[in-house]
Amino acid sequence: MHCQMRPAEKSQAIALTNIMHAAKGHWGYDPQDMQEFCDHWKITPEMIDKDPILVISEEDHPIGFARVLKESTEVALLDCLFVLPEAHGKGHGAWLLEGAEEIAKRMQCTQLRLESDANAAPFYAHHGYHSTSNRPSAFQGAGPIEHMQKDLTPQIHEVSEIDLKLDMAATWNFATHNSEAIKANWQTLISDNPDLWDGKVLSLYQYSFDNAQFTGELVEINYSEFLAWRDWGFPDRSAKNLFGCAVLRSREGHLIFGKMAGNTATAGQVYPPGGNLDLNDITPSGEVDIFGSIARELEEETGLTLDQGDLGEVLAIEDGPRLAIARILTLQLSSDEILSKISHFNANQEKPELEEAVIITSPQDLKAYSVPPYAIALTAHLLN
């Protein structure tokens, strides 16, 4: 069955309320307690309009949802997560939880907290949440409500050696099982942005870190398949978007990121120059040259080349569905001089990939932009 995870629509408020009541009632609580719960707890169109709610739908029928609130600069709250009882055991709860964590990280929060009844606490503990305290439940005969929390900071590894290979025989089951829906999604995307091109890219499906050595195997996929996977909330949770990026540092030690142009698939987002691996990165021996990809993407987006500066450390950032390989490049130029060079390069491109370059002097500078979590973590690692 075709499933996807998308932001909720206001018209789904009643369906989500029904999911909440059915999922809660599944545990056999006292009928009077359940009636009070159903009378008090509802999802309204106003709630959907105000705060992020993710919905998993199966053939357009909602079967589960999660709601996330931003409580403070660093902490987000998983306000609720419910899946229809008949859809239990299929990984939908874990998928929604990962989606909620992605939302919290996009809010630039480093912690996600929740309050879980006793029945669900083992599920959250399995996914890395730890109890900080508890309180009695309002339901008769129920166990305590656990206050639980998880650190969302992406993991950063130093890398000294990279060994990536393309598995020519492998296919992507997600793409095979959802081919018609992927085609329909692609038609919608190109009707909104005709500049998109459905070329071949590479997706990571197996990897390991061992003593600073990164090893991985990749499969060839279509860009339209990658975008459907991204747009539908990363339904194949075993796949990873592996990509390389060049982290530009100026003479002052500032970072230079790019704000993606409107003709790209990540319009408006701010991050280091980089992009998907593709067939140009495959060597005759079947190895994947991620450093060649970094060099190509840097030049395509900024006009700069790796030999114009001093190459520094290589870092791998694990960030949910993303895995970034970042190569530090320090230029003996001021931040303003780097911006000037990039601006001059873009002025001579018919359709530049960057809207503008952005100087990052501290993690606080990112607050004004839409920034993927790996880039937030990388900034904190390099500038704190």
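1. A pocket, on a 1 Å grid over the protein atoms alone, is an open set of points with protein on both sides within 12 Å along at least five of seven lines, and its lining residues have an atom within 4 Å of a point. In this predicted model, the second largest pocket is lined by 39 residues, of which Lys24, Leu81, Phe82, Glu115 and Asp117 lie nearest its centre. The elements that give two or more residues to this lining are helix 1 (13-25), helix 2 (31-40), strand 4 (75-83), helix 4 (92-106), strand 5 (111-116) and helix 5 (121-126). Helices (H or I, at least four residues) and strands (E, at least two) are DSSP runs, numbered from the N terminus.

2. On the basis of the values: this is a predicted model, in which local features need pLDDT of at least 70 and side-chain atom pairs count only at pLDDT 80 or more, while totals for chains, interfaces and linings use all residues. Residues are numbered from 1 along each chain as its sequence is written, and side-chain values use heavy atoms, with hydrogens and water left out.

3. The space in the second largest pocket amounts to about 1,100 Å³, a volume being the space filled by probe spheres set on the grid points, which are joined across faces, edges and corners. Strand 4 supplies the largest share of the lining, seven residues. By residue class, the lining divides into 22 nonpolar, eight polar and nine charged residues. Here Ala, Val, Leu, Ile, Met, Phe, Trp, Tyr, Cys and Pro count as nonpolar, Asp, Glu, Lys and Arg as charged, and the others, Gly among them, as polar.

4. Two strands pair if DSSP finds at least two bridges between them. Axes are lines fitted to C-alpha atoms, for helices over the stretch in contact, and angles run from 0 to 180 degrees between N-to-C directions.

5. Within this sheet, strand 3 (residues 61-70) and strand 4 run antiparallel and are joined by seven bridges. Ala66 stands opposite Leu81 in strand 4, and Leu81 is among the residues nearest the centre of the pocket. Contact means heavy atoms within 4.5 Å.

6. A second open sheet consists of three strands in the order 9-11-10, with mixed pairing. Strand 9 (161-166) and strand 10 stand at its edges, each with a single partner strand, so one side of each is left without a neighbour in the sheet. Strand 10 and strand 11 pair in the antiparallel sense over 10 bridges, and the bridge partner of Gln206 in strand 11 is Glu217. Helix 8 (residues 223-231) packs on the sheet, touching strand 10 and strand 11, and its direction makes about 110° with that of strand 11.

7. The loop between strand 10 (200-210) and strand 11 (213-222) contains Asn211, and Ala212 is found in that loop as well. Phi of Asn211 is near 50°, a positive value in a residue other than glycine; phi of Ala212 is near 70°, likewise positive in a residue other than glycine. Asn211 counts as exposed at 73% relative accessibility, whereas Ala212 is partly exposed at 30%. Buried means under 20% relative accessible area, exposed over 50%, and partly exposed in between (1.4 Å probe, protein chains only).

8. Helix 9 (residues 290-302) contains Ile290, which is buried with a relative accessible area of 2%. Leaving aside neighbours within four places in sequence, Ile290 is in contact with Ile162, Leu164, Leu242, Phe243, Gly244, Leu277 and Ile325. Arg296 also lies in helix 9 and counts as buried, at 18% relative accessibility. Not counting residues up to four places away in sequence, Arg296 touches Asn276, Asp278, Asn280 and Asp281.

Methods. 1 Å grid on protein atoms, 1.4 Å probe; cavity = no way out; pocket = protein on both sides within 12 Å on 5 of 7 lines; lining within 4 Å.
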